[in-house]
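This briefing covers how the parts of one protein chain meet and what surrounds its ligand. Please keep the sequence and the 3D view open while reading.

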Amino acid sequence: MSEKNKIGWNFDNSYSNLPKSFIYEISPVPVKQPELVILNYDLADKMGLDFSNIDKEELAKIFSGNSLPKGTKSIAQAYAGHQFGHFTMLGDGRAVLLGEHISKNNQRLDVQFKGSGQTPFSRNGDGRAALGPMLREYLISEAMHSLNIPTTRSLAVVKTGENVIREKPLQGAVLTRVASSHIRVGTFQFIRTRENLDELNTLVNYTINRHYPEISKSKNNAYDLLSKLIDKQIELVVNWMRVGFIHGVMNTDNMAISGETIDYGPCAFMDNYDPGTCFSSIDHMGRYAYGNQPAITKWNLARFAECLLTLINPKKDDALKIATELIDKFDKIYEKKWFDMMKNKLGLIGDDKEDNLLIFELLEIMKKQELDYTNTFLFLMDQEIDDKKNCQNEKFDIWKVKWQKRLTKDSKKLMKVNNPLIIPRNHNVENVLKSAENNDLTPFNDLLQALKNPYTNQKVLTKYQSPPPKSDKKYQTFCGT
Ligand code: AMP
Ligand code: MG
């Protein structure tokens, strides 16, 4: 057996067999001097891949695209999308899908390179990515996974040995991303522009077979698919709200039909509670601010519904009415899920008519007093945090007494599994990335390790629990493209 086969790759590429208009066959552009930065052995193991006998040089070749595993049939995927509300034709401009690896437990997983060179969809871009943003995606996507939030995952990062030119020259890198698929709302929008019913049916059926086989026999599968996606995306955004995650660029091309968090660009975690929190340097209007995420999710779902109208009902007016009614269910479902999530964070078991008030009063206090979102819940869980004095004031005490009366035997247990003790705080992420860019990966690995168990007390935690210094108030994130 060759070295490469010993790894256990098991490709079966169904997406590349879709009609030619969906894809463009292309190989990653080889890089000058690949060097492995990090490999996710835990994830590899879950995928049924064994890299233990492969030397670093060979690994660097594999994860840069200089030497492709057997069975790959690499493609760039076509898609479109609403970016900040404006419709654009897009596609993988700096990514290629190697194919679908079938894992040990029979899961079909996309293996994709990000930063792998130009494709016909690159527009004016260089098709490349920089080390900092790729390590950032690695760290945050893995953190999200450990927070029990659906997400794409990260298998490896290599440096390319080439510079990418942004505002200044940066080290180039390729990220290997693993996802249950890369089908996006934007994929449907792209097919819609082609006005080809066969292609639309093909995409709907393919998506259902891959992600929602339980509705494959339904009478109106387009309607059911919309309904499924509404549920999935609500579940996702409620989870984001739970941990204070701000995606930052919720364009329709960055919304996956699988319901996984995808495309970690300018994302960041909220520090002090404020629904208007928005870190992205390009989001001038706060379109994708923390508190807007549910409304944007609904807006994106409406764009998805538009793609399916002809299949939902051939009569235009009827289709519109049916789809609108379904989309309008969003608010009620979201509210209920969000409310349950907040109750879990506060350990409120069972129902009490005052719960609503309790939740909103706390949020108001947190906002007015600029309390740290994560740490406020840790304070309530009696965790030792260094900013606890912020929660010790008259207003908070009055609220806390009311809250304590509502607690039951299992409240703390419930809080423990819903409130992370650690999140990838922006200042910590920046610090470890800075070191990594200067060839010191130790701080990055330490933080990554701590983020693996966000609901478990660990010795190292305190180091990562402090809110940012006040001087960090103007923290900004960049797309890193
Ligand atoms: P993103 O902001 O990563 O979701 O990307 C939006 C679109 O821009 C996608 O079509 C990407 O493929 C494309 N894109 C982003 N960065 C680059 C780049 N450096 N070169 C070419 N295309 C890019
Ligand atoms: Mg994207």
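The model is predicted. The domain assignment divides the protein chain into domain 1 (3-179), domain 2 (184-419) and domain 3 (426-465). The interface treated here is the one between domain 1 and domain 3, which bury about 1,400 Å² between them.

**Domain 1 against domain 3**

- Of the area of about 1,400 Å² buried between domain 1 and domain 3, 68% is on carbon and sulfur atoms.
- Four residue pairs are in polar contact between domain 1 and domain 3, counting pairs with both residues at pLDDT 80 or more.
- One salt bridge crosses the interface of domain 1 and domain 3.
- Asp42 and Lys452 form a salt bridge through their side chains, with an N to O distance of 3.5 Å.

**Ligand 1**

- Ligand 1 is surrounded by 18 residues, and the closest are Gly91, Gly93, Arg123, Asp126 and Gly127.
- A polar backbone atom of Gly93 is 2.6 Å from an oxygen atom of ligand 1.
- Arg123 places a polar side-chain atom 3.0 Å from an oxygen atom of ligand 1.
- For Arg128, a backbone N or O atom is 3.3 Å from a nitrogen atom of ligand 1.

**Salt bridges in the whole structure**

- The structure contains 31 salt bridges.
- One of them joins Asp271 and Arg425, whose closest N and O atoms are 3.5 Å apart.
- Asp271 is in the loop between strand S12 (268-269) and helix H8 (293-312), while Arg425 is in the loop between helix H14 (411-418) and helix H15 (426-437), so this pair ties together parts 154 residues apart in sequence.

Technical notes. Residues are numbered from 1 along each chain as its sequence is written. Chains are lettered from A and ligands numbered from 1 in the order in which they are written. This is a predicted model: local features need pLDDT of at least 70, side-chain atom pairs count only at pLDDT 80 or more; totals for chains, interfaces and linings use all residues. Side-chain values use heavy atoms; hydrogens and water are left out. Domain bounds come from an automatic or database domain assignment. Buried area is the accessible area (1.4 Å probe) that two parts lose on being put together, summed over both. A salt bridge is a side-chain nitrogen of Lys or Arg within 4 Å of a carboxyl oxygen of Asp or Glu. A polar contact is a pair of N or O atoms within 3.5 Å; within protein, one must be able to donate a hydrogen and the other to accept it, and residues adjacent in sequence count only if both atoms are side-chain atoms. A residue is near a molecule or strand if one of its heavy atoms lies within 4 Å of it. Helices (H or I, at least four residues) and strands (E, at least two) are DSSP runs, numbered from the N terminus.
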